[in-house]
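I went through this model one element at a time. These are my notes, in the order in which I looked things up.

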Amino acid sequence: MHEHEKRVLEGLLFLSGDEGLSIEQLNGCVEELDKKEIEVVLDELMQDYLADVHGIELVRFGGIYKFVSKEAIHPYAQKLFSSTKVATLSNAALETLAIIAYKQPITRAEIEEIRGVSCDMMVRKLLARNLIKECGRSDAPGRPFLYEVTEEFMDTFKLVSLKELPELPDFKDTMEEELFEE
């Protein structure tokens, strides 16, 4: 009945990735449907994805709709991410790992502030590879998870202690000197 609308909403939700979208956000993009109609189409889409022919499903958490892999996929995802050698980690993964190692415990938002880009998927991959772990929650609004490196990280990088990590240069002093040089 709503095949065109389903395709449009499905595509928008796919593009939004892990962040997902609210009905209000979808309504801002699909003006030909009101909020109630969008909710009806999303409910139909959720039902479509409950069929066993799909490896993903559409969920709603706190008013946000997003696609997630079904529980049956998780053991395979773990194998996918754990079988890949650390040597094949991307620069983005290594940057994220370094930030966590130096600044732990740290929230995803703090990592993103340092890197300047979204890192939700990267954090998930590092969690799946058991290189980082959740170590509690911050007192910040929303109580986001805190992350730290794991023993597997230490083994992989042959570290006995994080004190073995190289000292970070003090860019603050260097930048101030450069700013005031004539």
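**Entry 1: the hairpin and its sheet**

I began with strand 2 and strand 3, which form a hairpin with two residues between them; Gly62 in the turn has a positive phi of about 55 degrees. The model is predicted, and local features need pLDDT of at least 70, side-chain atom pairs count only at pLDDT 80 or more, while totals for chains, interfaces and linings use all residues. Residues are numbered from 1 along each chain as its sequence is written, and side-chain values use heavy atoms, with hydrogens and water left out.

I took helices (H or I, at least four residues) and strands (E, at least two) as DSSP runs, numbered from the N terminus. Strand 2 (residues 56–61) and strand 3 (residues 64–69) run antiparallel and are joined by six bridges. Phe61 stands opposite Ile64 in strand 3, and the bridge partner of Ile56 in strand 3 is Ser69.

I then looked up the sheet order, counting two strands as paired if DSSP finds at least two bridges between them. The sheet is open, with three strands in the order 1-3-2 and antiparallel pairing. Strand 1 (21–22) and strand 2 are the edge strands, each pairing on one side only.

Helix 3 lies across strand 2 and strand 3, and runs at about 140 degrees to strand 2. For such angles, axes are lines fitted to C-alpha atoms, for helices over the stretch in contact, and angles run from 0 to 180 degrees between N-to-C directions. Contact means heavy atoms within 4.5 Å.

Next I checked how helix 1 (residues 3–16) meets helix 3 (residues 35–49): they pack at an angle of about 80 degrees, with their axes 10 Å apart. That makes helix 1 roughly perpendicular to helix 3 (65 to 115 degrees counts as roughly perpendicular). Helix 1 makes the contact with Glu5, Lys6, Leu9, Glu10 and Leu13, and helix 3 with Ile38, Val41, Leu42, Glu44, Leu45, Asp48 and Tyr49. I sorted the residues of this contact into seven nonpolar, no polar and five charged. Here Ala, Val, Leu, Ile, Met, Phe, Trp, Tyr, Cys and Pro count as nonpolar, Asp, Glu, Lys and Arg as charged, and the others, Gly among them, as polar.

Three strands form an open sheet in the order 4-6-5, with antiparallel pairing. Its edge strands are strand 4 and strand 5, each pairing on one side only. Two bridges join strand 4 to strand 6, and Ile106 has Tyr147 in strand 6 as its bridge partner.

Helix 5 lies across strand 4, strand 5 and strand 6, at about 95 degrees to strand 6. Which residues of helix 5 are buried? I found Ala93, Thr96, Leu97, Ile99, Ile100 and Ala101, where buried means under 20% relative accessible area, exposed over 50%, and partly exposed in between (1.4 Å probe, protein chains only). Their packing partners include strand 5 (132–137), strand 6 (145–149) and helix 7 (120–128).

A cis peptide bond joins Gln104 and Pro105, with omega at about -10 degrees. Pro105 is in the loop between helix 5 and strand 4.

Arg143, in the loop between strand 5 and strand 6, has a positive phi of about 45 degrees although it is not a glycine. Arg143 is partly exposed, at 41% relative accessibility. Lys158 also is not a glycine, yet has a positive phi of about 55 degrees. Lys158 is exposed, with a relative accessible area of 69%.

How values were computed: Angles under 35 degrees count as roughly parallel, over 145 as roughly antiparallel, 65 to 115 as roughly perpendicular and the rest as oblique.
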